[in-house]
Amino acid sequence: MTVSQNAEHPAVPALEIRGAAPIPQLGYGVFKVDPDIAADVTAQALAAGYRHIDTAKIYGNEEGVGRAIAESGIPREELFVTTKLWDDAHAFDDAIAACEASLERLGLDYVDLYLIHWAVPSQGQHVEAWKALVALQERGLVRAIGVSNFPKEQLAEVIEATGVVPAIHQIELHPYFQQRELRAIHAEHDILTEAWGPLGQGKSDLLENPAVTAIAETHGASPAQVVLAWHLAHGIVTIPKSVTPSRIVENLAAVELSLTAEEVAAIDALDREDGRGGTDPATK
């Protein structure tokens, strides 16, 4: 299955997700995008052909994202919009109110995907927060519900407590940190895997790695496109972020790059025990 606004844009693969219309496998993330430019860069992404936008309450840019969506002229049903519940609103009533506030800032009647941003095991409220997301889904304010940055223990707890399996789990994932154990758990429970920081967030030499650059040269592609194509080959949903117009377009074009099995295996071999670049969800 693919999604595309018209023939001028790359045809983006889409994956079935419980509760919502299919999720475009390559989306546009707005992590650390300044609120003052969020509307502009989101508009550029939509014009380039992205139909999956990922934001969060803590990013402070939901209003800008919503303004770009409203002004785009793209029918709502053609867009897949994700936002997230922040750590300070895990209590049931707080989570309900937080979602309603996000919808107001976005100017939307519903979001396609709502995620608990972090498990925050030290708070011990992740199950209560998950029950709130189940209630929000029942009310129709969110279509699909999932989690982000959950250790395997907390992932198991929310499933056991409610019987409701997250549709998707968004985690740090890139060739240097491939999260194979969690991905195996996802496969067991039919949970989609979504990668944040898919290009390593500039914290490593991933895009200069000889294995990546050699494949890029073979295909006449950029190293970033190669890494994104690797994610797509593994069935991972991925949300690269850029505020540079040329890179916004370049990243989306990764959907047109097909890697050979040998090339995928060469990138698989880059996994590292110390590859994590962000916060360990177990210690938050």
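## A pair of strands

Strand β6 (residues 80-85) and strand β7 (residues 111-116) run parallel and are joined by four bridges. Helices (H or I, at least four residues) and strands (E, at least two) are DSSP runs, numbered from the N terminus.

A quick word on ground rules: this is a predicted model, where local features need pLDDT of at least 70 and side-chain atom pairs count only at pLDDT 80 or more, while totals for chains, interfaces and linings use all residues. Residues are numbered from 1 along each chain as its sequence is written, and side-chain values use heavy atoms, with hydrogens and water left out.

## The whole sheet

Zoom out, and you get an open sheet of eight strands, paired in parallel, in the order β4-β5-β6-β7-β8-β9-β10-β11. Two strands pair if DSSP finds at least two bridges between them. β4 (28-29) and β11 (237-238) each have a single partner strand, so one side of each has no neighbour in the sheet.

## Two helices crossing

Helix α3 (residues 92-106) packs on the sheet and touches β6, β7 and β8 (142-148); contact means heavy atoms within 4.5 Å.

How do α3 and helix α4 (residues 126-139) meet? Their axes come within 8 Å and cross at roughly 45 degrees. Axes here are lines fitted to C-alpha atoms, for helices over the stretch in contact, with angles from 0 to 180 degrees between N-to-C directions. The contact includes F92 and I96 of α3, plus A132 and L136 of α4.
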